[in-house]
Amino acid sequence: MKILSVSAFSGGGSTLAAELITLRNCNGLVAQFTNYGARWVSMWVPDRNGYMGDIVLGFDTLDGYRMAGEQYHGAIVGRVCGRISNACFRLGDQEYLLASNDAYGKPVRNHLHGGIDAFHNRFWKSRSFLTPAGEEAVEFSIYSQSGEEGYPGNLQVKVTYLLQNNNCLRMECEATTDRLTPVNLTNHAFFNLQSSSGPAVKKNILSHNLTLNASAIIACDGELIPTGSLLPVDGTLLDFRSPRTIASSLAEEHSQIQKGKGFSLAYALDRKEGEELNFAAGLSDETSGRILEIYTDQPSVQVYNGYFMDGTDIGKDGIPYYASAGIAIETQGYPDAPNQPAFPSVLIDSSNKYSHITEYRFKTM
């Protein structure tokens, strides 16, 4: 295995030094993270023959992440992930203006993934530790002052990654504030179960089988802003309640996808009350035999096949990333919730904290 090296992540030009943290479990799985954006930078898991491969897209060096065109690889994005329409929202009589940084719309007028100098673009404090069960974990924390990127309220955020001996990576996100403010965090890792480094990545994820526990998507307009309505997936190319290839969803025209190219879709998850975590998504690859199952307590999942990637970003082992080099499966609250009163709220205040738990469970067929 070519594990990322600490020296490749040295420097960073911050008051905090750049770090690379490596977690291992008793079965030989390896997960790596950096405090730059609290990013998940690699995940080494076995295929059906026991060969260990890195299934997370990314870069060999810190500079690769800082200079990438697709700037969210593996990062925690927020304060609010996804898009906020017209880069503003209201709380009572007060309107809050955010950074207009979403290049998808013309002119640029919407807010994306927390803004410009948001969580993905900052160095977090880190603390590595062992659990009472002897499992390895890392905790990242960051403080966001009131007014940063236009958001109200001082915000303290903590994200913990725990690599368990049952081959599960558990992510726990928490946030507290001193006044009413929206919070909606997610991890923006791209997965390729054929391995994200080496020649195999040239075989994109279009042949992967995808399963989504969702009977409706959150309908969006041409700028990927939610319309406020849910669109049933019955009888459409967007129905992944039973496993089917990603390529099959691109075979025909649909208002929510670009034929032959890709999609960035928010699914409203079907959930069972009383469960701590519900099954959200499954991804499997017949070639390698690898399986990823995702469980979460969040109500939505954003699925994006990286169709903006054009080969400009040169990833691990010098491989250029093109559309569908990997797929992001981002558990989260509903997008644009601050402007959609019918959507589940993403607001917190001093009396209640934000909490988000997602588990990534790795298996082989």
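Q: What is a salt bridge?
A: A salt bridge is a side-chain nitrogen of Lys or Arg within 4 Å of a carboxyl oxygen of Asp or Glu. The structure above holds 15 of them. It is a predicted model, in which local features need pLDDT of at least 70 and side-chain atom pairs count only at pLDDT 80 or more, while totals for chains, interfaces and linings use all residues. Residues are numbered from 1 along each chain as its sequence is written, and side-chain values use heavy atoms, with hydrogens and water left out.

Q: How do you know that R83 forms a salt bridge with D102?
A: The closest N and O atoms of R83 and D102 are 2.7 Å apart, and the limit is 4 Å, so the pair qualifies. R83 sits in strand β6 (residues 83–84), while D102 is in the loop between β8 (94–97) and β9 (111–112), 19 residues apart. Strands here are DSSP runs of E with at least two residues, numbered from the N terminus. Both R83 and D102 are buried, a word that stands for under 20% relative accessible area, with exposed meaning over 50% and partly exposed the range in between (1.4 Å probe, protein chains only).

Q: What makes K363 and E293 a link between separate parts of the chain?
A: Their salt bridge has its closest N and O atoms 3.0 Å apart. K363 lies in strand β29 (residues 354–364) and E293 in strand β23 (residues 290–296), so the pair ties together parts 70 residues apart in sequence. K363 is partly exposed at 42% relative accessible area, whereas E293 is buried at 19%.

Q: Why do β1 and β4 count as edges of their sheet?
A: The open sheet has 4 strands in the order β1-β2-β3-β4, with antiparallel pairing. β1 (20–24) and β4 (52–54) each have a single partner strand, so one side of each lacks a neighbour in the sheet. From one strand to the next, the twist averages 15°, with axes being lines fitted to C-alpha atoms (for helices over the stretch in contact) and angles running from 0 to 180 degrees between N-to-C directions.

Q: How do you know that β3 and β4 pair?
A: Strands pair if DSSP finds at least two bridges between them. β3 (residues 39–46) and β4 are joined by 3 bridges and run antiparallel, so they pass that test.

Q: What joins β7 to β8?
A: Strand β7 (residues 88–91) has 4 bridges to β8, and the two run antiparallel. C88 has L97 of β8 as its bridge partner. The hairpin has 2 residues between the strands, and G92 there takes a positive phi near 65°.

Q: Which residues lie nearest the centre of the largest pocket?
A: They are E70, Y72, R83, L112 and F308, from a lining of 32 residues. The elements giving two or more residues to this lining are β21 (264–268), β24 (300–304) and β25.

Definitions and conventions: On a 1 Å grid over the protein atoms alone, a cavity is a set of points where a 1.4 Å probe fits but cannot get out, and a pocket is an open set with protein on both sides within 12 Å along at least five of seven lines; lining residues have an atom within 4 Å of a point.
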